[in-house]
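Biologist: Hi! I'm new to this one, could you walk me through it?
Modeller: Happy to, let's have a look together.

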Amino acid sequence: MKLSRKQVEHIANLARLSLSAKEITQFQEQLSSILDYFEQLQDLDTNDILPTTRVLSIPCRLRTDYPTASLPLDDLLMNAPDTENDQFRVPQILP
Amino acid sequence: MKPNFETIIGLEVHAELETRSKMFCGCPVVDSTEAKPNIAVCPVCAGMPGSLPVVNQQAVEYALKVALALECQINNTSIFARKNYFYPDLPKGYQISQYESPLAHHGHLKIRTQSGEKNIRIRRVHMEEDTGKLTHIPPNNGKPGYSLIDLNRAGVPLLEIVSEPDIRSAEEARSYAVTLRTLLRYLGVNSGDMQKGVIRIEPNVSIRPIGSSEFYTRTEIKNLNSFRALERAVAYEIQRQQNLFRQGKTIVQQTMGWDESHQKTFPQRTKEEEEDYRYFPEPDIPPLVIEDEWIERIRAALPELPAAKYKRFIKTYRLSSDDADLLISAQSISNYFESTVSTCPDIPPRTVANWITGELFGLINQRNITFEDIKILPRELSALLSLLHHGEINTNTAKAVLTEMFETGNDPKTIVSKSGLNQISNIAQIAKIIHDVIAANPKELETYLNGKETVSQWFFGQVMRGTGGKANPKIVKAELNRQLLELKRKQ
């Protein structure tokens, strides 16, 4: 299954990535080959198998509602490219 | 003019659950409108690699309470899912939510409308996590704009309640939202403070020509921070869509914002298609299994819900619909009413209701405080109403005493005896006052005796003024008439 250029551009846009024409061609091929790989699953007969979201049967462990320590501010912001007023600072997204 | 369109509205309500810690980590839940930024953030809610989410049991319990109060069917196994989108308020690049197999589905909520009770079906109730808070700094002097991110709110448990498109007008949308908020407050899971954004109401609105059964393009309205804004925004949007439709223009599927200062909706962004979120089961959280036993335990512990209380108040206390509605709007108020009624059995509950919804609410609104802040205990209110009921004070005095009780927290008997506000009901005392007033005004008496009987009104006013309004007006009127007629006869 071959992805169109338009589909690749759409996916890139959802991820807020801007791709060059060359990159679009490159990812068009790479993403298509990933999809082809997964296509193999279609060959399996799953008629008698219940829809499954996980293969391990560990139940969901629940946590008691008890507050614990958060990160010191310096540690939290340590790797941030930019900060201001103890907050992460990022380029404007919406106009 | 006959309306040519029918309005179709569905409501999505997001309500934060008032747990102590966040949905998937132990960070404390803080008031994100007041706390210093980023003081309650850890690797899990900051979306750092290698961190793992663990579900908060209390959040599930609260969610179940709401789902059961909405008479939903609970899924014994529900699945958390990743909703993928890129926006700076979402540190992981996805929100943990529920998609297929939500916590609960197929519920309903009865609302009251002008034409009676109406059933609004609930499509689904699911759990998710809140996002961080962004502050947008606009471009300035050629410097580009930017955004600041505070993650205190990121990961706070959030309940999404989605209605079916059963709502047909702006008024019904408001009624649904008010009813749902009251329910959440009764269940003790959400304060209902829209200004603080702990509950967020997002209507989606479309119109269709009457007689059509298909659904047309809908728009969603965001950032509504009051019920009034909700009602106005929906009404505006209905009108906008009708105008477009009549002009033959297309209605675009998009998210609208509400501009409070101009009272109009404006396009915010074109909405992503559902498939763009690329939902898939959250690999870090196993399916959530909820045993029937847990469900039944929560169901059994549900408090009396607002709808049942409303009906009981009308039936038991013979209240008007409006009074019942006001009194059940919060448990603190309905409890206050019932405590007061139980301590003054000889006073009609309707009178108690009127004093609470009239005088007491008036004082609360004037001072801009909440009902929980009032200093007057229910038994003190009933003591005041007893003084009034037994004629020891008149209505105006009772109102003045209530105001002083409200300010000082003193009990009514002390206030009345200290300030000599007791109503004068002693006939001998009143007779003496009237006698003196008549004697002091011979000219007016003469006018009266000459046939101008309206002067008796003037005498009445003088007596009441002379006693500072404390004389029992009924007794004054009777005694004054008696004395004047007596003088007329003697003429």
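Modeller: One term before we start: a helix here is a DSSP run of H or I with at least four residues, and helices are numbered from the N terminus. Keep in mind that this is a predicted model.

Biologist: Got it. So which helix is Ile34(A) found in?
Modeller: Ile34(A) belongs to helix H2 of chain A, which covers residues 21-39.

Biologist: Is Ile34(A) buried, partly exposed or exposed?
Modeller: Ile34(A) has 45% relative accessibility, so it counts as partly exposed. Buried would need under 20%, and exposed over 50%.

Biologist: And what does Ile34(A) form on the surface?
Modeller: A nonpolar patch, along with Tyr37(A), Phe38(A), Leu41(A) and Leu44(A). Together these residues have about 580 Å² of accessible area.

Biologist: Nice. Let's hop to chain B. How much of strand S11(B) is buried?
Modeller: Seven of the seven residues in S11(B), residues 157-163, are buried, so the strand is largely enclosed by the rest of the structure.

Biologist: Which residues point which way from S11(B)?
Modeller: Pro157(B), Leu159(B), Ile161(B) and Ser163(B) point one way, while Leu158(B), Glu160(B) and Val162(B) point the other way. In a regular strand, side chains alternate between the two faces of the sheet.

Biologist: What's the strand order in the open sheet of three strands?
Modeller: The order is S6-S5-S16 in chain B, with antiparallel pairing. S6(B), at 94-98, and S16(B), at 280-281, are the edge strands, each pairing on one side only.

Biologist: How many bridges join S5(B) to S6(B)?
Modeller: Five, with S5(B) spanning residues 80-84. For one of the pairings, find Ala81(B): its bridge partner in S6(B) is Ser97(B).

Biologist: Last topic, Thr182(B). Where is it found?
Modeller: Thr182(B) lies in helix H2 of chain B, residues 170-186.

Biologist: Buried or exposed?
Modeller: Thr182(B) is buried, as its relative accessible area is 10%, and the limit for buried is under 20%.

Biologist: And what is Thr182(B) in contact with, leaving aside its neighbours within four places in sequence?
Modeller: Pro306(B), Ile328(B) and Ser329(B).

Key
Residues numbered from 1 in each chain as written. Chains lettered and ligands numbered in written order. Predicted model: local features only at pLDDT ≥ 70, side-chain atom pairs only at ≥ 80, totals over all residues. Heavy atoms only, no water. Patch = residues over 30% accessible without salt bridge, like charges linked within 9 Å, V, L, I, M, F, W, Y side chains within 5 Å. Areas by Shrake-Rupley, 256 points an atom, 1.4 Å probe, with all protein chains shown as cover. Salt bridge = Lys/Arg side-chain N within 4 Å of Asp/Glu carboxyl O. Helix = DSSP H or I, 4+ residues; strand = E, 2+ residues; numbered from the N terminus. Buried < 20%, exposed > 50% of the residue type's maximum accessible area, 1.4 Å probe, protein only. Pairing = 2+ DSSP bridges. Contact = heavy atoms within 4.5 Å.
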